[in-house]
Every structure is written in C-alpha cells, then in structure tokens.
Amino acid sequence: MPDAATMEKIVALCKRRGFIFASSEIYGGLGSTYDYGHYGVLLKTNVKNEWWRAMVQERDDIVALDSAILQHPKTWEASGHLAGFTDPMVDCRTCGQRFRADHLQDLQCPQRPSKHPGEATQCDLTEARDFNLMFETTMGPVKDSGATVYLRPETAQGIFVNFKNVLQFSRKKPPFGIAQVGKSFRNEITPGNFVFRTREFEQMEMEFFVPPDEAPRWYEFWKAARREWYVDLGLREDHLRLREHDPDELSHYSSGTADVEYLFPIGWSELEGIANRGDFDLTAHAKHSGEKLEYFDPQTKERYVPHVIEPAAGADRATLAFLVDAYDEDELGGEQRTVLKLHPRLAPVKVAVLPHLRKDGLPEAAQEIYAALRGRVQSEYDEGGSIGKRYRRQDEIGTPYCVTVDHQSLEDDTVTLRDRDTLEQERVAIDGLADELAARLAREWRSPKIAGAEA
Ligand code: GAP
C-alpha cells in the first residue's frame, strides 16, 4: 500500500495544528525560514533530548558543549569554509532567479515549469560562479573589512576550537567525544522541501576523538549506532539505509563518509552524515592558531593528534523524518482519521484529559486529574467539541493516550484510557493513573505502520 504521507499533507498538517509555519508570515514570509509553534517545539525538543540522552546520559565518554554562533574569522580560514564552502551557481538574466549549476536537471524554470532552467528559449543563464554559503555580518559599529564575521555554517568547528579547554576540564582521554546542539546558517542557493533544507537550521553534532589506529573501528561503531538511534525511535527500517560515499563525493577533510538516508516523499535523502575526518581539523586549527592541539598519554609517553569520527545530524530534518514516518490515515466510524503514529517518547503531548461532557461535575473531576498528571508528563486538557472531535484532534498531534472522565468516573473512581494506535479503551483506576501511564510510555514501541506490527 502506498504511504499516506506526502510533503503537501505534512506541510498542511504542520500548519493546521501549529507545529511549523512560514516565518514572518504577516510580511509575506521570508524565503524558506520557518517558525515552530507549541507542538513543533515540544516535538523537536523531544528529538534533541533523545539525542542528548543517547550521546551524553547513556555514555560516560562524551561531554556537552555550547559554543558561540559567532566565532573568530580565522576559524573558517582554518576549516576551509572561507575558501571552499561554495556551491556553483548560475543566474538567469531573464527571470533574475539563481540556480545551483549542478542541480539544473532537478529544478524548474520559473517561467516555463515544464522545462529545466536554461532549456526554454527565453532563458539566458550566466556562466557558473562559486558562491560562498556562509552568511556574513559585521561585528561592532564599524563596517570595515576587519570587522567581518560569519554565522557558523556548522556547529562542529566550535568543538574543535575548544578541544584544549575540554581536554583540560573534562579529565577525559581519547577515545572521548564532545557533543553540541545548536543553530547553523547556510545561504543555500536552492533551499526547499519544507524544513528539509533551510538557511537557518539546528544541528546535533558530536566529534569523537580517538587514537589514530582506532579510527576505522570507531567509524564502523558510529555508523551502526546512529542508524540504530533512528530505529529505536520508531523509524521504519525499510525506510532507512546507510549509504557509503563514493571516493569522488568525499569532502576535503574526509577519508570515509556514510549517510544515514531516509525515504522521504522526495526520495532517498540524507538524514545524517557520519565522517572519518582524520586529524584534518585539529591539525588545521593548530597551524592557524599556533596552539598545540594534541594529546599526551602519560602512560605510554606518546604524543599524538587524535583522529575524529563525526556523526552530524540535523534536528529539523530528523523532526521532518519522524513526522513523515508517523503520518497515517485510516477510517474510523465511516470518517477519515489523520493520525501521527509517533514514538510515545517523541510525541509532543503524552496524554490528553477529556471530560465526556461539559456538565455534571465532569470538567472539575477532569481538571483535578489533569493537575495531578501534568507534573509527571506533558499533558493537555480539552473540553471543547464532541468527544469524537477531541480524539481526532489528539490523534492529529500524535498524543498516545486520552483519558476520558465520564459519569462512571464519579461513581467508581475509574477513567477510560484510549490508546491512539490500537484504539482500545480500558477502564483504569484514577489512583495510580500516572504510574500506569509512565509504565505504558516506557514500553517498547514499534510503528503500527510496519506490516503485522499490531498483530
Ligand atoms: N559538520 C559536518 C556537517 O555539517 P553536513 O552533512 O553538511 O555535515 C550535517 O550537515 C547535517 O545537518 C545534515 O545531514 C542535515 O541533517 C543537516 N543540514 C545540513 N544542511 C542543512 C540545511 N540547509 N537545512 C536543514 N538541515 C541541514
């Protein structure tokens, strides 16, 4: 059966339910920048928290860092971004649009959408020129060349320039890692596909410093571990793959890179890259800064520049993949239901408390339960509209459980607990409801979209 998710449906749901919407909408929007609303923030925060959990909480060899977005311009000289972080671009003198020269076959001519740019008779493309993707700005009040700084195009370099600080204060020795989550900026020529490729986005990157002879082993380890992270959070395995880069695809710093790819509605596309960066970064920053960026092993008396294995993921892109994978449509009571079958750990709201009717003391009883639950799990109270409508609303934002308070609740202190995926409704005692929910939320979960998962 074809997947229910299309990019149009995901965009529409995100807007309808306030997950993600175009930025600066009242001014007509700003090309490919997006704002996250309440449920979008909760969802993306859960994605980032799961990353922190896997990287830092569940390991004792990785520490956290939050480096500045603005860094010394020499950082980008050393990293190679000033000279080489470019895409070839062409301009069309007729329509005034700019295109990636190496993506023309995937793009539409804005005036003749059935043609690629350059193919229609009126198209008049310039020669390809290299275009640096870093955003420039000015530090301080004087706009001279000495004051030019760049918004970081990746979080990784903030980690490398702090290698010495972290080594000193964390009391770690290779193999150890430094993890960072934060905004990055790239003046992409052709952003698009919703939050898949934007000019402002969040990255989740970890640089793992290892003795040089251990690099191949750790490269294999992190490729497998990062793929597994997505599987554990419910992405369907037949929609995930690891793709090793061909030698001609490798970045200047990399001796091996593999992408975790997801089968988005736009086709197989990169979710995350895992690269063996060798000693490129520490050596380059040592050369440009004059600082020694190496490790001295007091036991072996050996001094060496650690090699780096880097899993580099995108928080927005991962959030999009989880949304796509979760999106489903089915029929319920003769009506079509749209549902986000998100892993319960990722779901923005874990439980909704709903009084069956807006009278007879049911709202008061439901409010009491809601007040008790919300300190434990992200909860929501909703009394507006028919019960069916309210279930539909929670299904659309992916809430795994709904608690309904009815007249029986007032008699025997039980409520109905409805499961988003199985649609089963059970009566459970109000006393112990929070523990019951916690136990259910902690259970292993498989996407019900996998054939036979519900069997
Ligand atoms: N430090 C290595 C690095 O930045 P990358 O493959 O350029 O590698 C890593 O970026 C991840 O960041 C990508 O796999 C993707 O998930 C995310 N990413 C990169 N550019 C992006 C963009 N323009 N919009 C959204 N996410 C992006």
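Which residues does Glu50 touch, not counting residues up to four places away in sequence?

**Figure 1. Overview of the predicted chain.** This is a predicted model, in which local features need pLDDT of at least 70 and side-chain atom pairs count only at pLDDT 80 or more, while totals for chains, interfaces and linings use all residues. Residues are numbered from 1 along each chain as its sequence is written, and side-chain values use heavy atoms, with hydrogens and water left out. The chain holds 13 helices and 23 strands. Helices (H or I, at least four residues) and strands (E, at least two) are DSSP runs, numbered from the N terminus. The C-alpha trace spans about 75 × 70 × 50 Å along its principal axes. Of the 455 residues, 51% count as buried. Buried means under 20% relative accessible area, exposed over 50%, and partly exposed in between (1.4 Å probe, protein chains only). Contact means heavy atoms within 4.5 Å. Among contacts between residues at least 6 apart in sequence, 65% join residues at least 24 apart.

Figure 2. Glu50 is found in α2, residues 38-57. Its relative accessible area is 6%, so Glu50 counts as buried. Glu50 touches Trp229, Leu233, Arg345 and Leu346, leaving aside residues up to four places away in sequence.

Figure 3. Leu82 lies in α4, residues 81-84. Leu82 is partly exposed, with a relative accessible area of 32%. Beyond residues up to four places away in sequence, Leu82 touches Pro73, Trp76, Glu77, Asn132, Met134 and Tyr150. Leu133 is 51 residues from Leu82 along the chain, and their C-alpha atoms are separated by 9.1 Å.

**Figure 4. Packing of helix α1 on helix α9.** Two packed helices are described by the angle between their axes and the distance between the axes. Here α1 (residues 7-16) and α9 (residues 315-326) pack at about 105°, with axes 10 Å apart. Axes are lines fitted to C-alpha atoms, for helices over the stretch in contact, and angles run from 0 to 180 degrees between N-to-C directions. The two helices are therefore roughly perpendicular. Angles of 65 to 115 degrees count as roughly perpendicular, under 35 as roughly parallel, over 145 as roughly antiparallel and the rest as oblique. Met7, Ile10 and Cys14 of α1 meet Leu320, Leu323 and Val324 of α9. The contact residues divide into six nonpolar, no polar and no charged. Ala, Val, Leu, Ile, Met, Phe, Trp, Tyr, Cys and Pro count as nonpolar, Asp, Glu, Lys and Arg as charged, and the others, Gly among them, as polar.

Figure 5. The buried residues of α1 are Met7, Ile10, Leu13 and Cys14. They cover an arc of only 130° around the axis, which puts them on the same side of α1. The arc is that of the directions from the helix axis to the C-beta atoms. Glu8 and Lys15 are exposed on the other side of α1. The cover over the buried residues includes β1 (20-22), α9, β17 (327-332), β18 (335-340) and α11 (387-397). Gly18 follows α1 and has a positive phi, near 75°.

**Figure 6. The open sheet β5-β4-β6.** This open sheet has three strands in the order β5-β4-β6, with antiparallel pairing. Two strands pair if DSSP finds at least two bridges between them. The edge strands β5 (98-100) and β6 (129-132) each pair on one side only. The twist averages 50° from one strand to the next. Four bridges join β4 (residues 86-91) to β6, and the two run antiparallel. Met89 stands opposite Arg129 in β6.

**Figure 7. Strand β22 between its partners.** Six of the six residues of β22 (residues 414-419) are buried, so the strand is largely enclosed by the rest of the structure. Thr414, Thr416 and Arg418 point one way, and Val415, Leu417 and Asp419 the other way. Strand β21 (residues 401-405) runs antiparallel to β22 and is joined to it by four bridges. Cys402 stands opposite Arg418 in β22. Five bridges join β22 to β23 (residues 425-429), also in antiparallel fashion. Leu417 stands opposite Glu426 in β23. β22 and β23 form a hairpin with five residues between them. In the turn, Leu423 has a positive phi of about 65°.
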